[in-house]
Amino acid sequence: MLIELSGGTVIPRPLPAYIMGIVNATPDSFWEGSRLPSLSSVKENAEFALSLVEEGCDILDIGAESSRPGADYVPAEDEISRLIPLIQEIRKYSSVPVSVDTRKASVMKAAFEAGADILNDISALEDDCDMASFAATAGIPVILMHKRGVPKTMQVSLEKYTDAPEEILRYLLSRADFAMGYGIKKEKIILDPGIGFGKQYEDNLAVIKHIDIFAESGYNVVMGLSRKTCIGGMTGRNVEDRLAGTLAAEMFSVMHGVSVLRVHDVKETKDMLSVLQELKK
């Protein structure tokens with residue numbers, strides 16, 4: 001399924017999945033290669049973001065609050081001060097769809113006014129009671145992600161799942177129903193099983209293996225696998241050496257119905273999807 005923005009614009013998808021390029025306007029995101037060159041230089045940061053567009057991303061996903069394990073909560077005013085100048089600078093040069101990774105309605109409102117198009121909410125609209133109504137009124141697509149706990153402590157005491165894929169899907173479908181109850185259209189809801197968010201290695205592996213049940217739910221599905229700990233668990237590699245493992249897991253996911261890949265390595269992901277497209281002809 002294609003993604004429709006506010007106002008009816010549809011994002012084209014020339015390859016088997018959308019490529020969502022990660023831009024971390026933070027000093028502490030887990031993969032150093034995704035962090036902006038300098039939080040104080042808007043021009044340099046916009047150049048970094050626009051380089052991902054040149055490499056072939058379909059959507060820029062910008063976040064100003066790290067959600068890595070152990071990360072601290074960031075006040076809304078700090079997120080806004082990091083995000084808005086960057087979005088405004090990007091908009092001088094590109095109309096690429098911009099997704100904003102935030103849990104706060106005030107941040108998303110400011111970002112939308114600056115030119116952002118998509119909400120990426122790791123709390124699945126749970127953290128801010130004003131977020132769902134704003135998203136519905138604005139008519140923007142909404143990514144609902146599954147997690148347990150908060151980034152600061154989510155990997156400290158992990159709860160056991162009986163059946164991780166089924167339990168996570170059940171939660172996401174309930175959040176989708178919640179979103180639709182506020183007037184968010186079904187076709188504008190995107191599900192994210194939240195690889196690495198409050199899950200043990202075996203849980204992440206089970207979700208990837210059974211990602212088809214998410215894709216069969218009738219919603220677009222995004223996977224954020226890029227260089228994550230579970231890829232390290234499968235390969236024995238450190239974060240800087242997890243690209244090949246990431247691409248393999250991403251290809252598997254797309255072959256089983258995933259429609260959006262949230263990635264650090266845009267150029268390599270585009271090559272992988274181009275090869276997959278040719279082989280499926």
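Helices (H or I, at least four residues) and strands (E, at least two) are DSSP runs, numbered from the N terminus. The model is predicted: local features need pLDDT of at least 70, side-chain atom pairs count only at pLDDT 80 or more, and totals for chains, interfaces and linings use all residues. Residues are numbered from 1 along each chain as its sequence is written, and side-chain values use heavy atoms, with hydrogens and water left out.

Just after helix H3, Gly115 has a positive phi of about 125 degrees. Helix H3 itself spans residues 105-114, and its buried residues are Ala105, Val107, Met108, Ala110, Ala111 and Ala114. Buried means under 20% relative accessible area, exposed over 50%, and partly exposed in between (1.4 Å probe, protein chains only). The cover over the buried residues of H3 includes helix H2 (76-91), strand E5 (98-101), strand E6 (118-121) and helix H4 (131-138); contact here means heavy atoms within 4.5 Å.

Next comes strand E8. Lys185 lies in the loop between helix H5 (164-181) and strand E8 (189-192). Lys185 counts as exposed because its relative accessibility is 52%.

Two strands pair if DSSP finds at least two bridges between them. Strand E7 (residues 142-145) runs parallel to E8 and is joined to it by four bridges, with Asp192 as the bridge partner of Met145. E8 also runs parallel to strand E9 (residues 220-223), through two bridges, and Leu191 stands opposite Val221 there.
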